[in-house]
Amino acid sequence: MATKVKPTDEFRDHISTVDEQGKRVWVYPKKPKGKLYSYRKYVSYLLLALLFAGPFIKVNGLPLLMLNVVEGKFVIFGVLFWPQDFFLLVLAFLALVVFIILFTVVYGRVFCGWICPQTIFLEMVFRRIEYAIEGDYTKQRALDKMPWNQEKILKKGAKTAVFLLISFLIANIFLAYIIGVDELQKIITEGPFNHLIGFASLIAFTGVFYWVFAYFREQVCTIVCPYGRLQGVMQDKKTVVVAYDYVRGEPRGKLRKGQERTEGDCIDCNQCVQVCPTGIDIRNGAQQLECINCTACIDACNDIMRMIDKPEGLIRYESEEGIAEGKKWKFFTSRVMGYTAVLVVLLTALSALLLTRDEAEATILRTPGQLYQKTEQGHIKNLYNISVINKTNHDMPLTLRLLDKEGTIKVVGNELVLPAQGIVEGVFFTEIPQELLTGLNSEIEIGVYHGDQLITTQETKFLGPAK
């Protein structure tokens, strides 16, 4: 993105939190305040409430969201998906990716600053606790530099204890989204020795969350997260981002009492830099890898503008085109319409597949190594294996019927009862009069019924004598 702030883009050659020797530069952001920060707090607390309540909310007896990778069981908005529904998950993932691209093309990294769990937990939970215990950025820097004494031990110890407690709580919620709140309750009530794998997972997740939010912090956004690195591909000059109005602000100059001002509105107070949680200078240009569009710089700059009787908005949500050329922002650009069309197609296809999705899915195969049998009545019998997956939260006694030919089906052993969210396997004989067969391999269709309701069908081969 073009900028008049710096003739060179040397700041893009390195990450702001790494020095020339490759060592970590610890960021001590000033505690933000302002209208947008207050709005972010409300949004964050609402999202945190939804996140922590999510595992306990059930739809049709199923969790609102559960991603059980171990068992290959996924529940999204109360709908159960198995690995057999992988194509649906892929389609949903593609729709999500297109939506993210579309959202980024229009609004930049609003997701990063307002919705991303990493930003919410770091800025609205852990850093606020840090401010409460250690003080603002100047006191934190002084505390880190001082030798270990009683004050430092007490403050660092208290912060570590609170951070570990919150990390453990987050780990419990995270695990609940994987195995379900009922299984998590068993780990808690039955003791860790009865659930060693689950307990070990809790400890591991706790350690990871503590390390991320106590140490790694903004490095997640600048080093690990692919979204930040891809933003340059997805954004253009029409994308709305948190941007510095260099046309109005340059050239910068300190404010001096009694002196007529000939410079721009930026008084070079560096407040926008001091509040930045990733340690960048927004005045270098809007499209910076580290910028998460958190709006802390907007609040800081607006506060200064009010103090010097200048209009707010020197740093604001704006497009590069809007700043450079003064053009009004347009929503429907050619890129937006293109991505929107693709998104509509994907969502339409996904909706159609979900609406026509069977409540159960059966796999029926002839038993390997078994030839056909001929009965005294001249009928032909084949032995089959069946496996049925339940995509609902209620038990279903099953019956099997031939749909396209006359004949009988007899289950070997007990009747098939499909458990809720489970799998049932069985063996059955299919018997068909020989005159109805078309040759060595005949196509037959078997219906799986729950009562009088046909829940799924399966085509398979029927082996008979050659004609």
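The legends below describe close-up views of a predicted model.

**View 1. The surroundings of F81.** When neighbours within four places in sequence are set aside, F81 is in contact with G72, K73, F74 and I76, with L88 and L89, and with L354 and R357.

**View 2. Helix 4 and its bend.** Helix 4 covers residues 117-134, and because 18 residues at 1.5 Å a residue should span 26 Å, the 24 Å between its end C-alpha atoms agrees with expectation. At R127 helix 4 bends by about 35 degrees. Most of helix 4 is covered, with 14 of its 18 residues buried, and the residue that follows helix 4, G135, has a positive phi, near 100 degrees.

**View 3. Cysteines in a structure with zero disulfides.** The sulfur of C225 lies 6.0 Å from the closest cysteine sulfur, that of C112, and is therefore too far for a bond, given that a disulfide requires sulfur atoms within 2.5 Å. C276 is likewise in no disulfide, the nearest cysteine sulfur, in C294, being 6.1 Å away. C225 is partly exposed, with a relative accessible area of 25%, whereas C276, at 11% relative accessibility, counts as buried.

Key: Residues are numbered from 1 along each chain as its sequence is written. This is a predicted model: local features need pLDDT of at least 70, side-chain atom pairs count only at pLDDT 80 or more; totals for chains, interfaces and linings use all residues. Side-chain values use heavy atoms; hydrogens and water are left out. Contact means heavy atoms within 4.5 Å. Helices (H or I, at least four residues) and strands (E, at least two) are DSSP runs, numbered from the N terminus. The expected span of a helix is 1.5 Å times one less than its number of residues. The bend at a residue is the angle between axes fitted to the seven residues ending there and the seven starting there. Buried means under 20% relative accessible area, exposed over 50%, partly exposed in between (1.4 Å probe, protein chains only).
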